[in-house]
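Biologist: I would like a close look at one part of this chain. Please keep to what the coordinates give.

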Amino acid sequence: MFTKFLLTVAVVAVIWFGFRAIQRRAERRDQAVRPPTGAGKRFTPEMDGDSVRDLVKCPICNTWRPAGAASCGRSECPN
Ligand SMILES: [Zn+2]
């Protein structure tokens, strides 16, 4: 009877530790894939405003494009 109880506890412990090991490995893999947050990720517009452009909505194809950009390819497109 006591050995049965011990066996049950051992099986539960093995499953528990195995699950934790798998979870830890998956966490480590996620951290490896994900680049470190922050550090040079922020967009800083140039002071001359050249890197910031207003977008113009094309009434034909409903896409937002920078003014003066190449045509979207449709013949009716006013851009
Ligand atoms: Zn267009």
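Biologist: How many residues does helix α1 have, and how far does α1 reach from its first C-alpha to its last?

Modeller: First, the conventions. This is a predicted model, in which local features need pLDDT of at least 70 and side-chain atom pairs count only at pLDDT 80 or more, while totals for chains, interfaces and linings use all residues. Residues are numbered from 1 along each chain as its sequence is written, and side-chain values use heavy atoms, with hydrogens and water left out.

Helix α1 spans residues 2-33, which is 32 residues, and reaches 47 Å from its first C-alpha to its last. That is close to the 46 Å expected at 1.5 Å a residue, where the expected span is 1.5 Å times one less than the number of residues. Helices (H or I, at least four residues) and strands (E, at least two) are DSSP runs, numbered from the N terminus.

Of the 32 residues of α1, 0 are buried, so the helix lies largely in the open. Buried means under 20% relative accessible area, exposed over 50%, and partly exposed in between (1.4 Å probe, protein chains only).

The ring centres of Phe-2 and Phe-5 are 6.4 Å apart and the planes stand at 35 degrees, so the pair is tilted. Rings of Phe, Tyr and Trp (its six-membered ring) pair if their centres lie within 6.5 Å; planes under 30 degrees apart count as stacked, over 60 as edge-to-face and the rest as tilted. Phe-2 is exposed, with a relative accessible area of 58%, and Phe-5 is exposed at 51%.

Leu-6 also lies in α1 and, at 48% relative accessibility, counts as partly exposed. Together, Phe-2, Phe-5, Leu-6 and Val-9 make a nonpolar surface patch of about 440 Å².

As for the rest, the protein chain has 1 helix and 2 strands, in the order α-β-β. Buried residues make up 5% of its 79 residues. Between β1 (55-57) and β2 (64-66) runs a loop that holds Asn-62. Asn-62 has a positive phi of about 60 degrees although it is not a glycine. Most residues other than glycine have a negative phi.

Methods:
Patch = residues over 30% accessible without salt bridge, like charges linked within 9 Å, V, L, I, M, F, W, Y side chains within 5 Å. Areas by Shrake-Rupley, 256 points an atom, 1.4 Å probe, with all protein chains shown as cover. Salt bridge = Lys/Arg side-chain N within 4 Å of Asp/Glu carboxyl O.
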